[in-house]
Amino acid sequence: MPLFRSEEMTLCQLFLQSEAAYACVAELGELGLAQFRDLNPDVSAFQRKFVNEVRRCDEMERKLRYLEKEIKRDDIPILDTGENPEAPQPREMIDLEAAFEKLENELREVNQNSEALKKNFLELTELKHILRKTQTFFDERESLMETESMTRALIPEDVISRQVASPQQLGFVAGVILRERLPAFERMLWRACRGNVFLRQAEIDSALEDPVTGDQVYKSVFIIFFQGDQLKTRVKKICEGFRATLYPCPETPAERREMAIGVMTRIEDLNTVLGQTQDHRHRVLVAAAKNIKNWFVKVRKIKSIYHTLNLFNLDVTQKCLIAECWIPVVDMETIQMSLRRGTERSGSSVPPILNRMMTREVPPTYNRTNKFTAGFQNLVDAYGVATYREVNPASFTIVSFPFLFSMMFGDAGHGLLMTLFSLWMVLKEKPLAAKKIQSEIWVICFAGRYIMLLMGLFSIYAGFIYNDVFSKGVNIFGSGYKVNLTHEELQHHHSAMLVPDEANGHYRQTPYPFGVDPIWMMAENKIPYLNAYKMKISIIFGVVHMGFGVILGIWNHRYFGRSMNILVEFIPQIIFLVFLFGYLCILMFIKWTKYYAGAEDQALTPGCAPSILITFIGMVLFKYDTVPLDGCDNYMYPGQVTLQKVMIIVAVLVVPVLLLGKPILFKMEMNKSKNHAALHNQNGTAEGEDVEVAGVPQTDGHEGGDEPHEFSDVMIHQAIHTIEYVLGSVSHTASYLRLWALSLAHSQLSEVLWLMVLRKGLMFQDWYGGVLLYFIFAAWAALTVSILVLMEGLSAFLHTLRLHWVEFQSKFYAGSGYLFVPFSFENIMEVQPGEE
């Protein structure tokens, strides 16, 4: 049964003609059912036959990534046709290389021309701003010069003769600089030139595009007046150090106007050329965007085929490739048909040969899944890949995982929110999968959408069982309690309204048809009642879950030929579990059915029901009370003491069987094999010949496939296993109490949010109550989703995962296999998407 056990695998040897090998491997890649082995483990990757083809594929991938980067840079949408193109033939690889080379060269040439044009455009634009802004600076200089001339007219000639230079001899440089560098630039000029320069600056209002990076930068125009060649040299060095760009600027207004007209003309011409260049670049990228997805798929298929061919061996004639691969037995015919198709496509006349090989090597584990079961299989594989052909717990996890989750997350309202979200992902799975969202949280949620859907549906069911919808009970069928007291009696006996007393007629003697009676939501003893209820069902379902895990071990024992393990391992385990903790669950059912409100016999009323915990402790310690208390019977049924003593004795006696049974059988088999070997030696068999031990399993689903072959090793291993099971039965049973604890925490947190948040908003009576309720409801909804649905849901998920991994799977599941990883184009495309 492939649903409950991994597929049967076989190791095959494949012989392919050299001219047909590529096409046959391409067909197997589309099929995805063959895992190839490396037959050249000692050969480095650089010495293999098809290393040059792999390098050519790497180069094509580099060119495609460059094209993709340029396409995204221009915000051009990449067309996804949803097609799955076939792997190109080797002769088509040359055409693809030429096409990619042409596209890359054309695009690089366009980018270089565009960068040069943008650089010229930037220089002309900066020069335009310099010519405009410096007119004001020169006007200021003219006024300064007139002031200086008037001052000189009032100064004596001897003073004028001692002056080194006149204002008419001032030189200047003009340029642009990044705006953020201007303050430091000004300080450096002042300090280096000792205040003998005059700096004027003005900001350029619009941002300028950097031709290299394409970023928008803000710059300022500056002009520096100085006197003498020494200052001129110093100023230019400072400008060079701050990466300021200097431009020639005429002194006369006429020359500046003439230069400005020429600059504007050149800018208009450059704009025209830049527009044509960008249009050409856009057309090239749009054409590439239509095919780049298919190009990525084709190149990676070619690369994966040659990588696989590098795993093959060449025969002595160099005309045949030899491969070894693991394939499922049921798909042998399908694989042979695909090999024939590949041979026909290549035009080869020699058919491929596929032979099954005999091997003692443990095959890989292949569990066939679909989009629904894949999530549950991933949960199991995260603990450990199943040993080959051992029982696969994923099929049982489909039901048990959401059920145990719902016991901790039992709220119909919160389960509805989870259901709606997961249902949206299920209904929109194709468009959502096409978006390729890279967020880790989203990837995990989307991969587990069917798990979340079942968890939500089961939580709705458990919420109605608990009668808990956003912490409020729902009265659908009418409560089984009624109040037969007057108003005055209620004031004196307030708690009596909830006591199931038949004499007062408060209880109808008909329980609520489905789930918990809604009256318990208002009862004073609500928490003690629900605690006792949830705690008991947690133990019951825990024992059932563990017992089922022990029973599944029978399938492993029978399949692997370990029939004696059923006697010395399975039967002692199930007896120990049932006689102790199974009996504990039976006591709970007896207590629920035998003791009830309104019973005619006083000894059968709820007040006389013995404590199950005290009864179980007394059973283990052989302590029994013989004196009845207050007319109540200490025991639930006749012969209880005798039966409990027998069960404890039997449970203790099976421990030595579990400890010594398997080692004794192993010792007997070893002695039998030695006698068998001695008999063969007398008949002429060589003494050094290896004789297989009859009846000793070579693979053990519980020991991971490596059975120890020394008696001491077996004894130690079995002792550890026995101690682990006996102590684990106690700790694992107690571990299922987390079902009760988390359910209690979830319901109490939900009730706190109702009482402390939403209920406060419903208490306002005036007109502003509706406005306040709007905001209070928003806060309550946000806290509900973030804390109760997300955080509590994640907590319940992790605890459920632990119950399956440790408490359930440890009873029968080894998880010591290795995963079947076939050569599949689909898997390669998922690992290496074109969007990366």
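This is a predicted model: local features need pLDDT of at least 70, side-chain atom pairs count only at pLDDT 80 or more; totals for chains, interfaces and linings use all residues.

Reader: Happy to. How many helices and strands does the protein chain have, and what share of its residues count as buried?

Author: The protein chain has 23 helices and eleven strands. It runs to 836 residues, and 44% of them count as buried. Contacts can be sorted by sequence separation too: among those between residues at least 6 apart in sequence, 82% join residues at least 24 apart.

Reader: Which residues of α2 are buried?

Author: An α-helix has 3.6 residues a turn, so residues three or four places apart point the same way. In α2, the buried residues include Val 51, Val 54, Cys 57, Met 60, Glu 61, Leu 64, Leu 67 and Ile 71. Lys 63, Glu 68 and Glu 70 are also among them.

Reader: Now for helix pairs. How should I describe two packed helices?

Author: Give the angle between their axes and the distance between the axes. For helix α5 (residues 182-192) and helix α6 (residues 229-241), the angle is about 155° and the axes are 11 Å apart. The pair is therefore roughly antiparallel, since angles over 145 degrees count that way. The crossing of α5 and α6 is right-handed. On the α5 side, Phe 185, Met 188, Leu 189 and Ala 192 make the contact, while α6 brings Arg 234, Val 235, Ile 238 and Cys 239. The residues of this contact divide into seven nonpolar, no polar and one charged.

Reader: And what is the angle between α1 and α8?

Author: The axes of helix α1 (residues 18-31) and helix α8 (residues 332-346) cross at roughly 140° and come within 8 Å. These two helices are therefore oblique to each other, and their crossing is right-handed. Among the residues that meet are Ala 20, Cys 24 and Leu 28 in α1, and Ile 335, Leu 339 and Arg 341 in α8. The contact of α1 with α8 has seven nonpolar, five polar and four charged residues.

Reader: Finally, where are Thr 369 and Leu 613?

Author: Thr 369 sits in the loop between β11 (353-357) and α9 (374-383). With a relative accessible area of 39%, Thr 369 is partly exposed. Beyond its neighbours within four places in sequence, Thr 369 is in contact with Ala 374 and Gln 377. Thr 369 and Leu 3 are 366 residues apart in sequence, yet 8.8 Å apart in space, C-alpha to C-alpha. Leu 613 belongs to helix α18 (residues 612-621) and is exposed, with a relative accessible area of 58%. Its C-alpha atom is separated by 9.9 Å from that of Leu 587, 26 residues apart along the chain.

Key: Residues are numbered from 1 along each chain as its sequence is written. Side-chain values use heavy atoms; hydrogens and water are left out. Axes are lines fitted to C-alpha atoms, for helices over the stretch in contact, and angles run from 0 to 180 degrees between N-to-C directions. Helices (H or I, at least four residues) and strands (E, at least two) are DSSP runs, numbered from the N terminus. Angles under 35 degrees count as roughly parallel, over 145 as roughly antiparallel, 65 to 115 as roughly perpendicular and the rest as oblique. A crossing is left-handed if the near helix is turned anticlockwise from the far one by less than a right angle, and right-handed if clockwise. Contact means heavy atoms within 4.5 Å. Ala, Val, Leu, Ile, Met, Phe, Trp, Tyr, Cys and Pro count as nonpolar, Asp, Glu, Lys and Arg as charged, and the others, Gly among them, as polar. Buried means under 20% relative accessible area, exposed over 50%, partly exposed in between (1.4 Å probe, protein chains only).
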